[in-house]
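The following note sets out points on helix packing, nonpolar cores and individual residues. Please read it beside the sequence and the coordinates shown here.

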Amino acid sequence: MKIGIIVAMDKELRQLQSLFDDGRVLVQKCGIGKVNAALGAQRMINEFHPDCIISSGCAGGHGPGVRVQDVVVSTQLAYHDVYCGTAIDNTTQYGQVQGLPARFEADPFLLSKAESGEFKLHKGLIVTGDWFVDSKEKMREIIGHYPDARAVDMESCAIAQTCYLNKVSFISFRIISDLPLQDTDASQYHDFWNTVADRSFQVTRTFVESLL
């Protein structure tokens with residue numbers, strides 16, 4: 001099996017590249033945001049032809065029991081900043097791009113492998129948008145639309161959409177860097193990168209090794 005791993009930032013790239021030396025695993029940086037994520041995923045699909053793609057990196061967390069440095073694995077993925085209105089199609093939901101699913105489902109086989117691993121995970125919805133959530137007010141707005149969200153990031157759903165269109169299996173693992181509803185001016189996020197342990201990305205490594 002050929003596995004592609006996409007991250008957004010150099011900090012995440014350094015963490016993950018150090019964990020893999022198998023030619024069947026390719027770790028690449030796409031850059032921050034939805035457009036960069038989609039372009040990076042399409043490039044990886046065109047050039048590497050992976051059997052599956054994993055989005056990995058950090059995210060803001062939400063929900064009972066979710067703490068900094070915990071890991072959320074996607075069961076579903078959605079956009080928190082997309083609204084196509086009802087003028088053309090009154091069945092389109094908030095967050096849905098017309099003609100595409102309102103929520104993208106993680107690959108069932110990949111999700112079952114994640115669930116069977118010997119590590120603690122929070123399973124749930126990951127929502128994506130072009131907004132770094134650095135205020136309680138913005139997080140409350142997002143959670144108002146998606147109260148079941150467990151993580152908020154800027155790339156995962158765009159990669160999920162690209163994989164959906166290309167019929168490539170996808171799943172996202174996100175390490176919680178901060179809890180925006182308990183934070184002020186993203187101080188937890190900055191502390192996370194100052195104190196992040198090497199083991200933070202070991203869940204992704206263990207999961208990948210279970211697929212090879």
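Contact, as used throughout this note, means heavy atoms within 4.5 Å. The model is predicted, so local features need pLDDT of at least 70 and side-chain atom pairs count only at pLDDT 80 or more, while totals for chains, interfaces and linings use all residues. Residues are numbered from 1 along each chain as its sequence is written, and side-chain values use heavy atoms, with hydrogens and water left out.

1. Ala38 in helix α2. Ala38 lies in helix α2; helices (H or I, at least four residues) and strands (E, at least two) are DSSP runs, numbered from the N terminus. Not counting residues up to four places away in sequence, Ala38 touches Ala158 and Thr162. With a relative accessible area of 24%, Ala38 is partly exposed; buried means under 20% relative accessible area, exposed over 50%, and partly exposed in between (1.4 Å probe, protein chains only). Between the C-alpha atoms of Ala38 and Arg103, which are 65 residues apart along the chain, the separation is 16 Å.

2. The α2 and α5 pair. Two packed helices are described by the angle between their axes and the distance between the axes. Here, the axes of α2 (residues 34–48) and α5 (residues 156–166) come within 8 Å and cross at roughly 35°. Axes are lines fitted to C-alpha atoms, for helices over the stretch in contact, and angles run from 0 to 180 degrees between N-to-C directions. This crossing of α2 and α5 is right-handed: a crossing is left-handed if the near helix is turned anticlockwise from the far one by less than a right angle, and right-handed if clockwise.

3. Residues between α2 and α5. From α2, Lys34, Ala37, Ala38, Ala41, Gln42 and Ile45 meet Ala158, Ile159, Thr162 and Asn166 of α5. The residues of this contact comprise 6 nonpolar, 3 polar and 1 charged. In this division, Ala, Val, Leu, Ile, Met, Phe, Trp, Tyr, Cys and Pro count as nonpolar, Asp, Glu, Lys and Arg as charged, and the others, Gly among them, as polar.

4. Burial of α5. Why is α5 described as largely enclosed by the rest of the structure? The reason is that 8 of its 11 residues are buried. Those buried residues are Ser156, Cys157, Ala158, Ile159, Ala160, Gln161, Thr162 and Cys163. Just after α5, Lys167 takes a positive phi of about 60°.

5. Nonpolar cores. A nonpolar core is a set of buried Ala, Val, Leu, Ile, Met, Phe, Trp, Tyr and Cys residues joined through side-chain atoms within 4.5 Å. The largest has 34 residues, of which Ile5, Ile171, Phe173 and Phe207 touch the most other members. Helix α7 (residues 202–211) gives the most to this core, with 4 residues. A second, separate core of 27 residues includes Ile6, Leu100, Cys163 and Ile176.

6. Phe207 and its neighbours. Leaving aside residues up to four places away in sequence, Phe207 touches Ile54, Leu110, Lys113, Ala114, Phe119, Ile171 and Phe173.

7. The α3 and α7 pair. Helix α3 (residues 108–115) packs with α7 at an angle of about 120°, their axes being 10 Å apart. The two helices are therefore oblique to each other, given that angles under 35 degrees count as roughly parallel, over 145 as roughly antiparallel, 65 to 115 as roughly perpendicular and the rest as oblique. The crossing of α3 and α7 is right-handed. Phe109, Leu110, Lys113 and Ala114 of α3 form the contact with Phe207, Ser210 and Leu211 of α7. By class, the residues of this contact are 5 nonpolar, 1 polar and 1 charged.

8. The loop between β4 and β5. Ala102 is found in the loop between β4 (71–79) and β5 (104–105) and counts as buried at 17% relative accessibility. Leu77, Ala78, Gln93, Gly95 and Gln96 are touched by Ala102, not counting residues up to four places away in sequence. Ala87 is also placed in the loop between β4 and β5, but Ala87 is exposed, with a relative accessible area of 81%. Ala87 and Met154, 67 residues apart in sequence, are 27 Å apart in space, C-alpha to C-alpha.

9. Positive phi in other loops. His49, in the loop between α2 and β3 (52–61), has phi near 55°, a positive value in a residue other than glycine. His49 is exposed, with a relative accessible area of 53%. Gln69 belongs to the loop between β3 and β4, and its phi is near 75°, again positive in a residue other than glycine.
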